[in-house]
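Visitor: I'm new to reading protein models. Can you walk me through this one?

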Amino acid sequence: MTRPDQPVAAATSDDALFGSEAADYARYRPGLPDAAVHLLAATQHGVPDPVLLDLGTGTGQVPRALLPVLHRLVHIDLVDVNPSMLRTALTALEPVRGACTVHAFTGEAHTFAPPAPGRAPSLITCCRSFHWMSRPEVPAMADRVAAPYAVVAITGDGSLWTHEAEWTAALRGLIQTCLGDDRRAGSRGTYAGPDRSYEEDLADSAFSDVAEHRFPVARAWTPEDVVGYLPTTSFARRALFAGRHHEFEAQALGLLKTHARGGVLKEDAEFTVLLARRPGGAA
């Protein structure tokens, strides 16, 4: 699993990047495929009191997807550097968490420490966010805090920038016309190609027993939903357009409508799940 959204350096996804877009993020970002959610839940078979640690939780997509499937969850730790995202996640989880307790930790993933004894995570998830983190330090943190049988799950599916279709190519071209040929990433940098895969990161960690699972995903976007999605990305967030984002969004909407068939833009994606365990660490 390579790094589809790797910034030029380990950047911090803070309020300056996505704080004002938390509501858009919750509304427009695609969720997890059902098959991937059930795979994550299945890793907790035999675990009496599962505890979830969700790193880079954003608006809480992973725990919101897991709670209806993994009813036995007793505690969830949400970790993000973005307070706005955490507030959105806590609000979204409140009506569905039941007896499960939830704690929010504001800070970088590798600095997390359990808020109370007896809450060692049995499942550590990182969805579409590992590229923002200090990647050697995150598995080291997981090794310190996780239960002996814990599973680390790194998941993702790229972005509309990486998807190859006629309409995404046209959209990339428009973004490059406005912002230059280099793909933007982070708060000031540009995209740098991967020099190391997630599998290699895990192979060098305590969680070196790694299995890869791939799930095809067919998505149907409306032009309006794509325009809503773009500000939640680091390559087309509104601040990059220096006050011209309304003009860009109008142009993008018009372009996308010309490519839509019956009002729909199709994306055939692949959602990848890496499940990593300590050798011999099955529950």
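**A walk through the model**

Guide: Start with helix α5, where S84, M85, L86, A89 and L93 are buried. Buried means under 20% relative accessible area, exposed means over 50%, and partly exposed is in between (1.4 Å probe, protein chains only). Helices (H or I, at least four residues) and strands (E, at least two) are DSSP runs, numbered from the N terminus.

Visitor: Where does this model come from?

Guide: It is a predicted model: local features need pLDDT of at least 70, side-chain atom pairs count only at pLDDT 80 or more, and totals for chains, interfaces and linings use all residues. Residues are numbered from 1 along each chain as its sequence is written, and side-chain values use heavy atoms, with hydrogens and water left out.

Visitor: Back to α5. Which residue caps its N-terminal end?

Guide: N82 does. One of its side-chain oxygens lies 2.9 Å from the backbone nitrogen of S84.

Visitor: How many residues are in the largest nonpolar core?

Guide: That core has 28 residues. L40, L66, F271 and V273 have the most contacts inside it. A nonpolar core is a set of buried Ala, Val, Leu, Ile, Met, Phe, Trp, Tyr and Cys residues joined through side-chain atoms within 4.5 Å.

Visitor: Which elements supply it with at least two residues each?

Guide: They include helices α3 (34–42), α4 (61–66) and α5 (83–93), plus strands such as β2 (75–80) and β9 (265–277). Helix α3 gives the most, with 5 residues.

Visitor: What does L66 touch?

Guide: L66 touches V37, L40, A41, L52 and L123. That leaves out residues up to four places away in sequence. Contact here means heavy atoms within 4.5 Å.

Visitor: New topic. Where is V102 found?

Guide: V102 is in strand β3, residues 101–106. Its relative accessible area is 24%, so V102 is partly exposed. With residues up to four places away again not counted, V102 touches H75, I76, L78, L90, L93 and R97.

Visitor: And how far apart are the C-alpha atoms of V102 and P63?

Guide: They are separated by 10.0 Å. Along the chain, V102 and P63 are 39 residues apart.

Visitor: Which residues have a positive phi although they are not glycines?

Guide: R128 is one, with a phi of about 55 degrees. A242 is another, at about 50 degrees.

Visitor: Is R128 buried or exposed? What about A242?

Guide: R128 has 13% relative accessibility, so it counts as buried. A242 has 66%, so A242 counts as exposed. R128 sits in the loop between β4 and α6, and A242 in the loop between α9 and α10.

Methods: A polar contact is a pair of N or O atoms within 3.5 Å; within protein, one must be able to donate a hydrogen and the other to accept it, and residues adjacent in sequence count only if both atoms are side-chain atoms.
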